[in-house]
Amino acid sequence: MSSLRVAIVGDLGESFGNYVIGDDKVLLERVTMANVACGFHGGDPRVMDETVRRCAEKHVEIGAHPGYPDLVGFGRRAMEASEEEIRTDVLYQLGALSAFTKIHDTTISHIAPHGRMGSMATSDIGHARAVIAAAVAFDPSLVVICQKGHLEEEAKRHGMPVAMVFLGDRAYGDNGMPVSRSLPGSLLHDAGEIAERCVRVVQDGMVKSVTGKMVPLGHDVDTILLHGDNSEALSISKALCEALDTAGIARVGVRDVLAHKKQN
């Protein structure tokens, strides 16, 4: 039996007003942690309240999923913003989510910047500094969910716990990083293929790239992300959990993953 552990995270609470985005009920049955939209790229006060309540009932770890103030572009467009604007926008969103975690007797466990903000925080030091400055001011014990890059480095520089994420339903390039969403085939839909590749990256850190090469990620995989707005979220999440269980890989919360790694 494998001693490997991994957290399964879903982007949740991204609906707003009359618009329904993603199948949160399906993902909540299978994820061990949730990135909850905080009202800027998606979500609204009613959705945040309901999402946090459901997460608390199912003992799913709750994380802040801050993004650019861009409902029209779902937070996936580039925006001109200073470090101070990014810092205060992230802090504002952390504060909003914390109001709902407080009334539902739970806490914010982690932070995972959304969309373009997240990709910019990986590649741009100014974004990384701003996001981490907000996180440290709010709660330096938050786990920072990230890929290799500036956000990881900045979090570690401030002594924050870091969990490396693999985007389970996204195509990867030969550099071991997700390819741009603008490219054809960047979002995967084949549940069996996704489940198989996720098991492989947890076991040996290798992923099949868009060119067919097996490339190393260069780090352990602590958590696997599934996008709630993927049309195949139901079949993907089901296949993934079954594949992990068959491989003997335990599905746990991210803090459990990090604690287990520290002990071993």
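A pocket is taken here as an open set of grid points with protein on both sides within 12 Å along at least five of seven lines, and its lining residues have an atom within 4 Å of a point. The model examined is predicted.

By this definition, the second largest pocket is lined by 16 residues. Leu4, Arg5, Val202, Asp220 and Lys261 lie nearest its centre. The volume of the second largest pocket is about 260 Å³. Helix H7 (191-204) and helix H9 (254-263) each supply at least two residues of this lining. H7 has the largest share, with four residues. By class, the lining of the second largest pocket holds five nonpolar, six polar and five charged residues.

The largest pocket has a volume of about 640 Å³. Its lining comprises 27 residues, and Gly115, Gly118, Ser119, Gln147 and Leu167 are the closest to its centre. Two or more lining residues come from each of helix H4 (115-123), strand S5 (143-146) and strand S6 (162-167). H4 gives the most, six residues. The lining of the largest pocket divides into 11 nonpolar, 11 polar and five charged residues.

Helix packing was examined next. Two packed helices are described by the angle between their axes and by the distance between the axes. For helix H3 (residues 83-103) and helix H5 (residues 125-138), the axes come within 8 Å. They cross at roughly 35 degrees. The crossing of H3 and H5 is right-handed. On the H3 side, the contact involves Glu83, Ile86, Arg87, Val90, Leu91, Leu94, Gly95 and Ser98. On the H5 side, these residues meet Gly126, His127, Arg129, Ala130, Val131, Ala133, Ala134, Ala135 and Phe138. The contact of H3 with H5 has 10 nonpolar, four polar and three charged residues.

Phe40 was considered separately. Phe40 is found in the loop between strand S2 (33-37) and helix H2 (45-57). Is this residue, Phe40, buried or exposed? Its relative accessible area is 16%. Buried means under 20%, so Phe40 counts as buried. Leaving aside residues up to four places away in sequence, Phe40 touches Gly67, Tyr68, Pro69, Asp70, Leu71, Asp89, Tyr92 and Gln93. Phe40 and Pro216 are 176 residues apart in sequence. In space, Phe40 and Pro216 are 34 Å apart, C-alpha to C-alpha.

How values were computed:
Residues are numbered from 1 along each chain as its sequence is written. This is a predicted model: local features need pLDDT of at least 70, side-chain atom pairs count only at pLDDT 80 or more; totals for chains, interfaces and linings use all residues. Side-chain values use heavy atoms; hydrogens and water are left out. Axes are lines fitted to C-alpha atoms, for helices over the stretch in contact, and angles run from 0 to 180 degrees between N-to-C directions. A crossing is left-handed if the near helix is turned anticlockwise from the far one by less than a right angle, and right-handed if clockwise. Contact means heavy atoms within 4.5 Å. Ala, Val, Leu, Ile, Met, Phe, Trp, Tyr, Cys and Pro count as nonpolar, Asp, Glu, Lys and Arg as charged, and the others, Gly among them, as polar. Buried means under 20% relative accessible area, exposed over 50%, partly exposed in between (1.4 Å probe, protein chains only). On a 1 Å grid over the protein atoms alone, a cavity is a set of points where a 1.4 Å probe fits but cannot get out, and a pocket is an open set with protein on both sides within 12 Å along at least five of seven lines; lining residues have an atom within 4 Å of a point. Grid points are joined across faces, edges and corners, and a volume is the space filled by probe spheres set on the points.
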